[in-house]
Amino acid sequence: MSKWFANGVDRTRNSWVRPLVTCALLMLAIVIGDCRTVSALPTSKVMAIPAFARKYGLPCSACHTAWPELNNFGMVFRDNGYQLMNDRDSLIWQNPSYFPISFRITPNWHRESTSDQQVDSTPNGTGPNNVTVSRNVTQAAFDLSGMDLWSAGTIYKNISFVLLPSSDPTAVWHFESAFLRFDNIKGSSWLNFKFGRFELDNLISEKRFLFLSANGGIYQTYHFNVPGSTNDFGIGDNQIGVELMGHNVDSSTRYSIALLSSNEGGTNLTESNLPGGLPSNRSFDGYMAFTKSFNAGSWGYEEFQAYAYVGQRGTYYQTTSASGTPVPLVALGNEPFYRVGFAGQLHFKNLELLPYFMHGHDNAYLGAGVPDTMSLPVGAKAPTFNGGFIEGQYFVNPQLVFFGRFEKIDVGQQAFVNEGSVPGNYGDVTAYSVGYRWYPIMFSRGGVAWHNEYSITKSIGIVPLSADGSGLPPLLPTDGVWSSSVFIGFDFDF
Amino acid sequence: MTLKNFAVTFVLGSMALVTVGATSMRAQSHVNSPDPALGAPSVDTEESHIGNLTGHAAAGKILYRRFCIGCHGPDGNGEGMNAQWIDPKPRDFTEATFKCRSTPTGTLPTDDDLYNAITRGFVTTNMPSWRPLTPQERANLVAFVKTWSPRWAKEKPGTPLTIPPETAITIDSILRGRQTFQRLECWKCHGPQGHGDGPSASTLTDDKGNPIRPYDFSSGSRFMCGVTNQDLYRIFMTGLDGSPMPSFADVVKPDEAWDLVHFLRTLQPLKTQEAALWQTYKAAHGADIKPIGPDPATGAQ
């Protein structure tokens, strides 16, 4: 073996052999050793927001198919305001040392590779012969995910809360979610009122799904806007406002009506929840969702949801030029857009299928990117798209899940600024993801998941809408940009 | 190490980890089956029958691992990892002793009793309502719970108690029930006002020796075994096996039992017909009402 290290040529030739042999020997050792040593690993417990498990003593698999995704019991628990409704939900029943807080972060190794990127042909872009060429850009490194610092539960019986400061990998923090909820108003589960920043009542939650890689770590459809449109809405983004929500005793029938600021969940009167965004407008959006599930016997419940989001975004700003440069003050000239569609959560014993469809439509002024005080350019049309995905999950047991997803977005009508200059499929997206999560440790007070995922996204003429937002458009609008992610990491929750 | 080499190592390494994990989980997270030599029903064949549903223990075993193992444990003996923090303690299925039954004390409950318990949960305990599971899944769990004890192979469930139609709710019925409450010495545990603070309350333990508190009627919460007057009737006529609450079926006639139900309702801070009648009576005859509790002349308890 020492020759392999000494001989660079041989090292390359044998590069596939050594890891294979190493891993084969490792597995052989495990089998021969009858797993006595590894069996000492603590494994049998499950967890979710571990603060809840600490409070109630339930295994995390009680609320989660595979954390963080909720099962039906977990959804009912959430709909009840994080209460089991056992007359012991109020914090006054808890040991004074109990504090409802949880941490989640994912140390990982990931590899991102994107095709058709505009790069310089010479090192550092220097020299008279430097030109822009189309090449693959590949990056790989050990890394950290962002960190969630969950605090959630009940302040008193039927008064619940969530406070979720969240950071990016460099510890820039924002409030991902923060709300107070008054539950079971007048003793009715049909009346629950929420105030603050929260996730929309999406049957298929992007905040609780199983994907973590840059390309797979978002539902493309949840954040898509037709290229060129000035709309910034994403149904997967937490919004800020109020929500009236209700459900029956087992949450087989649910509704949600929300009134939201037209600022994409922004705080401090900005368009973004992160500091430095442009000022927001003063109007409101509305979201409605109705969910119904049916008992399919031993298969489980089959759930269906119809939803609609109707909103508006400004087309220009009121500004001041007192300092010499126009400074935006308030977004004005609101023009509408909407998103409608349906979702499903279908159970077939250990197999779960999640179909989703969305139709998106923006006003022509948003598509043209001109103030609505002006006339629309000749030929301006309202951009539209249809998007959706089908996701599959197979639960070998509560501690091992395999998952995959196919997603497709088709731009029906190009935004005006692109009309005529780009092909009809400009902006179309196709995405695939596969992976598995294994939960070797699932205590009721914390959990670890070993996460492996491969995701790949193809977008026509634009940079893929990956979770990290990196990349550049290709040289030609007809080029399909492939972006792939490999993600391997330990996802842990305490 | 090249990038490709590194990736291959990671992928193969993760496969090795999964192999480790699969074996480890089999060793650690497996729900044990009772020793067949004990004569318990087989997981492969045991069924439950609830209405038109037939539950299967084998399917229930998978659900047990997901939902129940943390408290009731891999051996069904109530010694799950979380049990040490839970009060009252989780049920020990190996004893096949259940509080909420429709059957006489000392007998096995019916499948419906177990199904209703899983569906309803137990208020003021860590056992939640499992109504979010489908009826079939709950029936499967009932079938599996019956595989933990050989009693289920050797005995039949008791004959469910027949509850006669409820008698009229009158002040006379309430007063008779009050006398029964005094005569049966319910106050010794539940307290004269039903606050769960009777003289014996602090000494009570369940059949495992764990301290147990009598029901506090003034809390206004649901009963552990139901919410209706019929449920209340059933509770003290069948008793709560495994707890100090005995069955009064042998000493209370049906009419007396309904009188007692009507009185017990007056101890709850709820807007019930019984409470309204009692408040009216108390306003008019408060001075004549003899307090519940030990005889003031002798002090005997």
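Mentor: A residue is buried if 20 or more other C-beta atoms, placed from the backbone, lie within 10 Å of its own; 12 or fewer make it exposed, and counts in between partly exposed. This is a predicted model, where local features need pLDDT of at least 70, side-chain atom pairs need 80 or more, and totals for chains, interfaces and linings use all residues. Residues are numbered from 1 along each chain as written, with chains lettered from A and ligands numbered from 1 in written order.

Trainee: What percentage of chain B is buried?

Mentor: Chain B has 301 residues. Its buried share is 41%.

Trainee: And what percentage of chain A is buried?

Mentor: Chain A has 494 residues. The buried part of chain A comes to 47%.

Trainee: How many helices and strands does chain A have?

Mentor: Chain A has its own tally. It reads seven helices and 22 strands.

Trainee: In chain B, what share of contacts between residues at least 6 apart in sequence join residues at least 24 apart?

Mentor: A contact means C-beta atoms within 7 Å. In chain A, the share of such contacts that join residues at least 24 apart is 60%. For chain B it is 64%.

Trainee: What separation lies between the centres of the two domains of chain B?

Mentor: An automatic or database assignment sets the bounds. Domain 1 covers 36-154 and domain 2 covers 171-288. Their contact takes 15 residues from domain 1 and 17 residues from domain 2. Taken over C-alpha atoms, the centres lie apart by 28 Å.

Trainee: Where does α4(B) stand: enclosed or open?

Mentor: Its buried residues are B:D111, B:D113, B:L114, B:Y115, B:N116, B:A117, B:I118 and B:R120. Their cover includes β1 (47-50) and α5 of chain B. Eight of the ten residues of α4(B) are buried, so the helix is largely enclosed.

Trainee: Which residue just after α4(B) takes a positive phi?

Mentor: Helix α4 of chain B spans residues 111-120. The phi just after it is about 75°. The residue is B:G121.

Trainee: What is the orientation of α4(B) to α5(B)?

Mentor: Axes are lines fitted to C-alpha atoms over the stretch in contact, with angles from 0 to 180 degrees between N-to-C directions. These two pack at about 120°, axes 9 Å apart. Under 35 degrees is roughly parallel, over 145 roughly antiparallel, 65 to 115 roughly perpendicular, the rest oblique. That makes α4(B) to α5(B) oblique.

Trainee: Which residues of α5(B) make that contact with α4(B)?

Mentor: The α4(B) side supplies B:D111, B:L114, B:Y115, B:I118 and B:T119. The α5(B) side supplies B:R138, B:A139, B:L141, B:V142 and B:V145.

Trainee: Which elements do the buried residues of α2(B) pack against?

Mentor: Helix α2 of chain B spans residues 57-67. Its buried residues are B:A57, B:G60, B:K61, B:Y64, B:R65, B:R66 and B:F67. In chain B they pack against β2 (53-56), α3 (69-72) and α5 (135-145).

Trainee: How are α10(B) and α11(B) oriented to each other?

Mentor: In α10(B), B:H262, B:R265 and B:T266 meet B:E274, B:A275 and B:W278 of α11(B). The helices, residues 254-266 and 273-285, pack at about 75° with axes 8 Å apart. The two are therefore roughly perpendicular.

How values were computed
Helix = DSSP H or I, 4+ residues; strand = E, 2+ residues; numbered from the N terminus. Contact = placed C-beta atoms within 7 Å.
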